Number of protein chains: 2
Amino acid sequence: MEPKWQILAFFMVLTVSTGVSFVAGVYFQQREAKKRLNKIIEKDPYAYYVSPKLYEVFGFFEDEEQSSHRMAQIMKYGFPGLDDLRLYSDFVLSYDRRNRVAHWVCEHLEVDQLRTNVVSRRHRTYQPDMRVPSNFRSELTDYRKSGFDRGHLAAAGNHHLEQEHCQDTFFLTNVAPQIGEGFNRGAWRNLETYVRNLVHRFGSVYVCTGPLYKPHQKDGGKLGVEYEIIGLNMVAVPTHFFKVIMVESSLPMGKPYMEGYVLPNAAIPKDLPLRSFLCDIREIEHYAGLKFFDGLRRSAIFGSNYPSESQVFRDFG
Amino acid sequence: MEPKWQILAFFMVLTVSTGVSFVAGVYFQQREAKKRLNKIIEKDPYAYYVSPKLYEVFGFFEDEEQSSHRMAQIMKYGFPGLDDLRLYSDFVLSYDRRNRVAHWVCEHLEVDQLRTNVVSRRHRTYQPDMRVPSNFRSELTDYRKSGFDRGHLAAAGNHHLEQEHCQDTFFLTNVAPQIGEGFNRGAWRNLETYVRNLVHRFGSVYVCTGPLYKPHQKDGGKLGVEYEIIGLNMVAVPTHFFKVIMVESSLPMGKPYMEGYVLPNAAIPKDLPLRSFLCDIREIEHYAGLKFFDGLRRSAIFGSNYPSESQVFRDFG
């Protein structure tokens, strides 16, 4: 080869290889940064919340990895609210530091998960969550002699697959003051059992549970909010509790179905059927200041008011 | 040169240049991604909140750019809480969707900012914030005939530098039902004036303002929370309002100073001095479920209880 062509070939090889390695550098940095980002997103609910925006930051190579960590599964349809988000081993919780009770707890239940591997009962003891600053923490002493049960929001019976799952439901962040006789040991327990029945029947169920502080008409005709406070740490006693349930249908063309229940924190007569507590989900949202399963088109799922019979019963036969 | 050496030189140049351009690619990708990230962070409070973690994602080149956008200035010492964060042109707000009133509003005030460029009074009209979903929005009709003033949280008088700044304070998200005579047009206005005096005197002041729903002893001796609700959208009437003020000292060795005020939402007698409403900041935090100026070491700033005389008055002479 003539020297002229040699030099030309040399520069061509040089240009191509520097170009290729520049692109490789871009790709390498993006891949590494995404890996680190994914690690953060798995553990930080706020990072997970902004993650759709964050992925746009890496605009050069499109590789839509589906994130498959536990939080992404539980929060698949969006966060009901964003106050003090906390990730536990099998549920996600938003803590109300003003009332010392959770805003909401989200669970995703599947049939496999309801199997019981938990043997030891040692890990079934209530305990304060030390990750909550002391100024906002509820303690065991707050419930003692208060006359109220320590009622679970995410039911312990839904999380028996692993010791840690079960144990986590006993943190006081997942607990609220509930009337014992006729509520925690009555209608509320029936509602929890009903949810597990849905899981056995339809396979995949999302549940969001929380307290309500419902306004009521006062003597002068004005509306007011009124609720009791217990213990030195001033834990609020909710007037009502809600559960919003979303059933991912296992039918081939099945649509997801939602229903919401609101139960007063009071002794509920045994003969009242659960379905009499069915409630418009938008009403629960209005009172709670939350938005449930935002990722789903609401209009396709239910009307503004519930029929007297549960949609799940009617539509899933 | 001999062909052998030519080939060797060729490969050396090739190796070095591909190496350099690989690193250049890494650097280019990182710089571009950071630029995009910074744009997101300027506008999204949640992205800003997780940004210290996000910067760790880009671990290859250290270049500590100090972010200098308005939100970073206002939120320099951390977020009091994280519920429904909203960025306005000159203040940051956390909205309580359950009570249809803000949790808190944060402002950063400097002397330059208090100058008045706003001429038109056209932009000083109260309006609902349409960015809040209708289910959680307060409307003008809620205040009409309620007997309550539409009281500012971030004072309009603090934001006169630009039309938009002033206008933004008139969104109903920045407004709460206040007793007019003796409060909104009395002690509360005096407190706002006092804050502006501090700004004129010390140059840089951070203010966090919000409502409280303080528990009180009920007839049976039990503690309870009780507050009124107004309008069709059920806007809560706070029992108290707080302001937590942090003065960045302009003295050479000066430490920052904080004070907190809690005023009952009631007609306050004219002869009561403002200083009689000084309050332990940790007490405000306990009732509000918030944490103020978390970025500062609290112990260095004040004790657990306030002396009867304001620390700002004593220490700044």
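Two strands pair if DSSP finds at least two bridges between them. Helices (H or I, at least four residues) and strands (E, at least two) are DSSP runs, numbered from the N terminus. The model is predicted, so local features need pLDDT of at least 70 and side-chain atom pairs count only at pLDDT 80 or more, whereas totals for chains, interfaces and linings use all residues. Residues are numbered from 1 along each chain as its sequence is written, chains are lettered from A and ligands numbered from 1 in the order in which they are written, and side-chain values use heavy atoms, with hydrogens and water left out.

**View 1. Strand 8 of chain A beside strand 8 of chain B.** The two strands run antiparallel and are joined by seven bridges. Leu223(A) has Ile229(B) as its bridge partner in strand 8 of chain B.

**View 2. The interface of chain A and chain B.** The size of an interface is often given as the accessible area lost when the parts come together. Here chain A and chain B bury about 5800 Å² between them, with 62% of it on carbon and sulfur atoms. Buried area is the accessible area (1.4 Å probe) that two parts lose on being put together, summed over both. Gln29(A), Arg98(A) and His286(A) supply 13% of the area that chain A buries against chain B, more than any other three residues. The contact (heavy atoms within 4.5 Å) takes 64 residues from chain A and 64 residues from chain B.

View 3. Six salt bridges are counted between chain A and chain B; each is a side-chain nitrogen of Lys or Arg within 4 Å of a carboxyl oxygen of Asp or Glu. One of them links Arg98(B) with Asp96(A), and their closest N and O atoms are 2.9 Å apart. On the side of chain A that touches chain B, helix 1 (3–43), helix 2 (45–57), strand 8 (223–230) and helix 8 (281–288) each supply at least two residues. Helix 1 of chain A gives the largest share of that side, 19 residues.

**View 4. Helix 1 and helix 2 of chain A.** The axes of these helices come within 6 Å and cross at roughly 145°. Axes are lines fitted to C-alpha atoms, for helices over the stretch in contact, and angles run from 0 to 180 degrees between N-to-C directions. Residues making the contact include Leu37(A) and Ile41(A) of helix 1 and Tyr48(A) and Leu54(A) of helix 2. By class, the contact has eight nonpolar, two polar and two charged residues. Ala, Val, Leu, Ile, Met, Phe, Trp, Tyr, Cys and Pro count as nonpolar, Asp, Glu, Lys and Arg as charged, and the others, Gly among them, as polar.

**View 5. The open sheet of chain A.** Seven strands with antiparallel pairing form the sheet in the order 1-2-3-6-10-11-12. Strand 1 (85–87) and strand 12 (278–279) of chain A are the edge strands, each pairing on one side only. Six bridges join strand 3 (residues 101–110) to strand 6 (residues 204–212) of chain A, and Glu110(A) stands opposite Ser204(A) in strand 6. Helix 7 (residues 180–202) of chain A lies across strands 3, 6, 10 and 11, running at about 10° to strand 10.

**View 6. Strands 1 and 2 and helix 8 of chain B.** Strand 1 of chain B runs antiparallel to strand 2 (residues 92–96), and three bridges join them. Arg86(B) stands opposite Leu93(B) in strand 2 of chain B. Helix 8 (residues 281–288) of chain B packs on the sheet, and its direction makes about 55° with that of strand 11 of chain B.
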